Amino acid sequence: MKRRNAARSAVRVRRAFAGAALAAGAAALIVVRRRNAAAGLRGEAGLRGEAGPRGAAGPRGGAGLRLRRGIAALRLAARGGARYASNAPRLFAAAGENRERLRTDLALQTAEDVAVTLGAMKGVLMKLGQMASYVDDGLSPAVRRTLSRLQDSVPPMSPELAAGVITEELGLPPERAFARWDPEPIAAASIGQVHRAMTHDGHAVAVKVQYPGIAESMAADLDNVALLRRMLKVTAPSQDVNALVTELRDRVLEELDYRREADNQERMADYYDGHPTIHIPRIVGELSARRVVTSELSGGARWAEMTSWSQEERDLAAETIYRFVFRSLYGAHAFNGDPHPGNYLFHGGGRVTFLDFGLVKHFTTDELRPLVAMVRNLCVENDPEAFRRAMEEAGFLVPNAPLSTDVVVDHLAVFYQTVREPGRLTITGDYASAVVRRFFDLRSPVAAYVSVPRSYVILQRINLGLFALLGELNATANWRAIAEEIWPFVRGPASTPIGEAEAAWCASRAATRSLA
Amino acid sequence: MTAEAYAAAAGLVERSAAAYVAGVPDDPADAGFFGPDSVTWRVSTDLGRPVAGLRALMLQALHPLAMAGVDQHSNWRMDPVGRLAATSGYLATITFGDRAAAERAAARVRRIHEHITGTDTITGQRYQASDPALLLWVHATLVESGIVAAGMFGTALSAQDADGYAAEMVAAAELVGVPAGQVPASLSDLDSYLSAARPGLRCTPAAAESMAYLLDPPGLDEDVAEIWADIRDGVVAALPSWARDMYGYAAPPLTPARQTEIRQALGVLDAVFLGEPGVLEARQRITLRMRAARRP
C-alpha cells in the first residue's frame, strides 16, 4: 500500500517536471527514473530518454554491466555510482519500503557523520578507487576489494544536510534558490551527490552537492604524501610513484573545488557548441559555487541500456566517444580523465551527452608536441627511430636504453594498434585486456626503461579506460580513418556520416571564429 | 619454551574481521549488556580502537602471571592470529550481542580459564587464569586503553563519558568472573588501581618477545604491513612512559603532524577492514541501531 503511494507520488513528480520542461520548450519529454538500480551506474542524471533509437533491442534491466576484466570492472566497482545501487542486494535485500527506510536511516546527517565516514584518509582512498585505472593491475585483490567496498560504505546525505550546503553556498535554501527541488538524491557523485531541480526560469537542472567538510579533510589527508606514496608503492610498483602521487594529489585537489569543474565543463560546452553528435550540458553559473554545481539536466539512455542496442547503434556511440576523446585532446588540448560509462548518456544515432568534467587535464602545446610526434612517426611516417626519440623526449623511455628499437616498438605498438593500419577493425574485450596487460607487464625487457611522466599520467586513461569501453561495445570502425580526420598533421577527409557532419561543424566553427 | 617460534601473521585482518562480523548479530533478542546508546558502543567503533587493543595487550603482558598463562597454555605461539581474532570476536559479542550471546561467550571463556593453572618460571609464583585479580588486570588495562586511544587518535571522551565507560564496563568484568565490587568504576578509580598494580609488573622475556612479535608481525600481508608501522608507533606513543621504559622502547615525541599521520593510517586500516566480507554490513547494523537510539 505504502509502496503504491510512493509510486503514485513519483508519477506526480514526473508529470510536474515533464510539464514544466514542455512549457519551457524542451524538446524531449523527460522521464525521471529515481534510481538506476538495474544498471548499477552513475551519472549526473538518473534519466532515460523517452525516445530510444530505432533498432534498440533486448530487455532492459538485470543485464547490468559485464565489463569482465581488470581495470574496467575495478573502475566500475570502485566508482561512485555503483554505490547506492550496489548496496541494494546486500543490505537492502528486503522489499522496497524497508529498503527506502534503511537508506534514509543510514544517511549522513551531520558534518561529523561525514568526517567519520570519509575522514582519516578514507575519502582519499575512495578517490583513488575512482582513479584506479591508473594503477589497475598493480592492485592486490585485497586493495581492489577495499577500494570498492569503501564506495559502498558511503551513504547519501540526508535531505537536511544537503540543503544546508546549498544554503551556505548559494545564500538561499534550495526551495528558494530553485523553483522546484527534489530532496531525494538521484545519484552519487564525486564526493557528493546529485539532485534534480528546476530553475526559476523553468529549466530542468542537475545539481551536484558536495559533502560538507570533505574538501578540508581530504586536502589535509592529501598532504600526507608519504602515506600515499607507501600505499601506491604497494599497488603500483611498475610506475613512477612520485609522479603518480603528485599528479593524483593535484587532480584531486582540483576536483574539490566544483568551480573548476564548472569552468572546464563550460569551456568544453563552448568548444563543442553546435556539434552534431557531441553534447555537453551547459553550466548555470549563478547557481554554482565551490561546493555546488548546477548544470542543464539531460535525458538519454544509460550505458547498460545502450549496450543492449543493435551493434550499429553501439558502433555509432563508440565512434562519437572516440571522436570526443581525441578531438578534445588534439583540438581543445584538454582531456577528460574520466572515461567512465556513468559519464555518458546516449540518444541514438551516435549522439552522446558527456557528463562530469571534474577531472580534466589541460595540455600545453609543449606537452602535446611529443605525443603528436610519437603517433605521427609511428603511424604515418613509419619512422621507428623518430618514434623512439619522441618517446625519449617526452620522458616515456629512458634515453639510450640498451634495447633495440624493434623491441621498443614491439612492446608499445599495442597502444597504437587501432590506428597503425587503415581499414575497419573491431575493438574486442580481449584487445582492451591486452592493452592493460601490456601496460603492467613487468617481465618485458622494456618495462625497466619505460615510465609515465607526470604530465601524462592522466592520459593513460585513453589506453586503459577508452579501450575498455570500446571493447565492451565490441565496436567496429575504421579507427585509422577517423583518427586521420582529427590528427592535426593529417586533417584527413570525412570518413563516415558522423565525420561529414563534424566536418561541416568544423567549417562553421572556423567561420565563426574568423568573424570574431 | 621461549625459543619456540611464532607462526606468521598472514590473515590477521581477514580472520579478525570474520570473528568481528560473527559477533555483531542481525536480529538480537535484546540490547545486550550495554546498548546502542552506551559509551561502550561508541568506544568500540572509535577510530583509535586498534591502538587501544594493542596497547591493552602490551600492558597486560607486563603482568608476569598473566603473561605466563598466555605463554604456557594458549595457542598464542602456534596461532597468534587466531588468538587475536578470538579476542576480537569475543569483545564484539559481549558488546554488540544480546545478553544470551554475551553470556554464552563468557561462559566459554570461564570454562577455558578453569583449566589454566601453572607456575610462572620467572617469579616462581603459582597462577590460575580464573583468578579475579588477573582478570581484573586484563579488564582495567583494556578499559583505560580505550579511553587513552580515543583521546589520542579518535574522538576524545569527555571526563563524564570516560567515567561512564568505566562504569558500564563493570558488566564486562563480571562476565568473566570478577566480582563487581572489585572493579574500578570511574577514571580515577582506574588510575589508582593501575598505579597500585605497578610494583608487581615485570617485562619478562616472554612479554618482550610476544610484544616484539605483535609490533612487527612477520608475514603480515604486504598492504597491511605498510600501515602497521604507523600504528605501532601510535601504540608505543600511547603507552604510559613507565611501561615504555620497561619494554625499553624509545619514545619519540608525538608531534601533531605525526599524530595526524597515525590517524590517517588507522583510517586506511579501517578501510582495509571494511573491505572484508560482511564488515560493512556489520557496521551498518551497528550504525542503524545507534541512530535509532539517538533519535528522540
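In the predicted model, Q265(A) touches I280(A), P281(A), I283(A), S295(A) and F357(A), when residues up to four places away in sequence are not counted. Q265(A) itself lies in helix α13 of chain A, which spans residues 258-271. The relative accessibility of Q265(A) is 5%, and the residue therefore counts as buried, the cut-off for that class being under 20%.

Chain A as a whole contains 23 helices and 14 strands. Of its 516 residues, 59% are buried. Among the contacts in chain A with a separation of 6 or more, 74% are accounted for by residues 24 or more positions apart. The accessible surface of chain A amounts to about 19,800 Å². Carbon and sulfur atoms contribute 52% of that surface.

Two helix pairs were examined in chain B. In one pair, helix α1 (residues 12-23) of chain B packs with helix α14 (residues 256-274) of chain B at an angle of about 65 degrees. The axes of α1(B) and α14(B) are 9 Å apart. Because angles of 65 to 115 degrees fall in the perpendicular class, α1(B) and α14(B) are described as roughly perpendicular to each other. Their crossing is right-handed. On the α1(B) side, the contact is made by V13(B), S16(B), A17(B) and Y20(B). The residues supplied by α14(B) are L269(B), V272(B) and F273(B). Sorted by class, the contact of α1(B) with α14(B) comprises six nonpolar residues, one polar residue and no charged residues.

In the other pair, helix α7 (residues 132-153) of chain B packs with helix α8 (residues 159-168) of chain B at an angle of about 155 degrees. A distance of 10 Å separates the axes of α7(B) and α8(B). Since angles over 145 degrees count as roughly antiparallel, α7(B) is assigned as roughly antiparallel to α8(B). The crossing of α7(B) and α8(B) is right-handed. Helix α7(B) contributes L142(B), V143(B) and I147(B) to the contact, and helix α8(B) contributes A162(B), Y165(B) and A166(B). The contact of α7(B) with α8(B) has six nonpolar residues, with no polar and no charged residues.

Technical notes
Residues numbered from 1 in each chain as written. Chains lettered and ligands numbered in written order. Predicted model: local features only at pLDDT ≥ 70, side-chain atom pairs only at ≥ 80, totals over all residues. Heavy atoms only, no water. Axes fitted to C-alpha atoms, helices over the stretch in contact; angles between N-to-C directions. Helix = DSSP H or I, 4+ residues; strand = E, 2+ residues; numbered from the N terminus. Parallel < 35°, antiparallel > 145°, perpendicular 65-115°, else oblique. Left-handed = near helix turned anticlockwise from the far one by under 90°. Contact = heavy atoms within 4.5 Å. Nonpolar A, V, L, I, M, F, W, Y, C, P; charged D, E, K, R; others polar. Buried < 20%, exposed > 50% of the residue type's maximum accessible area, 1.4 Å probe, protein only. Areas by Shrake-Rupley, 256 points an atom, 1.4 Å probe, with all protein chains shown as cover.
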